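Student: Before we look at the model, could you show me how to read a fold from its overall layout down to a strand pair?

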Amino acid sequence: MTARIPTDCNGVELGIGSRIRLLSLSGNWFNELPTDEIADVKSMIGELFVIEKVDDYGQPWIRKSWMNSVKGTCHGHSIALEPNEAECVSGQDNLPPLKIVLNCTNGYESKIDPIVERLVAGGLSYIGVAGQDCSKIEDIIDEIAVGDGSNPRFILTTSHPQESLENVIEFALSLTGEHAGGVRVITL
């Protein structure tokens, strides 16, 4: 079976790192959620996400987590999208800032380059890198953002050697001003 190329509601091709707005959710899976999670998942509609993976069937996946600071717990959902559920928003100038933490569990691989290019082009305000080769990957992000210097993109980058993913996420969440806002984690 050949995987389909993932697209949004307008036929725009999507891939890992594409920035999308979630338009709707469909499917029977939604009705099978615990009642207390339905409101959380519904709250995702209208929000911006970054495609974290594309499965073997060509479906793009997004994820969101919710913290319960009172109970000290966290729950989340990863969702495979149908084309009618997403709209690509990469390249739009009026988007709110979005922060990404790259969790590089396998270190640098050449397949990371096009993902980083797509993330930088998506108008992110911050990319933090955790895991193996995180300093090298941060340097690659900076090189892609600057390009040949004729049209540099301004993006805050950090690398966090020997730090836990939780600490890197906490750091990203602590950023304020033009870098305030939620964080999405992409594991590569």
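Tutor: Helices, H or I runs of at least four residues, and strands, E runs of at least two, are taken from DSSP and numbered from the N terminus. In this predicted model, the order along the sequence is β-α-β-β-β-β-β-β-α-β-α-β-α-β, which amounts to four helices and 10 strands. The radius of gyration is 17 Å, close to the 16 Å that the globule rule gives for 188 residues, so the protein is as compact as a globular protein of that length.

Student: What percentage of the contacts with a separation of 6 or more is between residues 24 or more positions apart?

Tutor: Counting heavy atoms within 4.5 Å as a contact, such residues account for 69% of the contacts in that class. As for burial, 41% of the 188 residues count as buried, while carbon and sulfur atoms hold 49% of an accessible surface of about 10100 Å².

Student: How many positive and negative side chains are there, and how far apart do the centres of the two sets lie?

Tutor: There are 14 positive and 27 negative side chains, with the two centres 4 Å apart.

Student: Which strand pairs with strand 10, and in which sense, parallel or antiparallel?

Tutor: The general idea is that side chains in a regular strand alternate between the two faces of the sheet. Here strand 7, residues 99-104, pairs with strand 10 in the parallel sense over five bridges, and Thr-187 of strand 10 is the bridge partner of Asn-103. Strand 10, residues 183-187, is mostly covered, with four of its five residues buried, that is, under 20% relative accessible area.

Definitions and conventions. Residues are numbered from 1 along each chain as its sequence is written. This is a predicted model: local features need pLDDT of at least 70, side-chain atom pairs count only at pLDDT 80 or more; totals for chains, interfaces and linings use all residues. Side-chain values use heavy atoms; hydrogens and water are left out. The radius of gyration is taken over C-alpha atoms; the globule rule is 2.2 Å times the number of residues to the power 0.38. Buried means under 20% relative accessible area, exposed over 50%, partly exposed in between (1.4 Å probe, protein chains only). Accessible areas come from the Shrake-Rupley method with a 1.4 Å probe; for residues, only the protein chains shown count as cover. Lys and Arg count as positive and Asp and Glu as negative; His and the chain ends are not counted. The place of a charge is taken as NZ of Lys, CZ of Arg, CG of Asp or CD of Glu. Two strands pair if DSSP finds at least two bridges between them.
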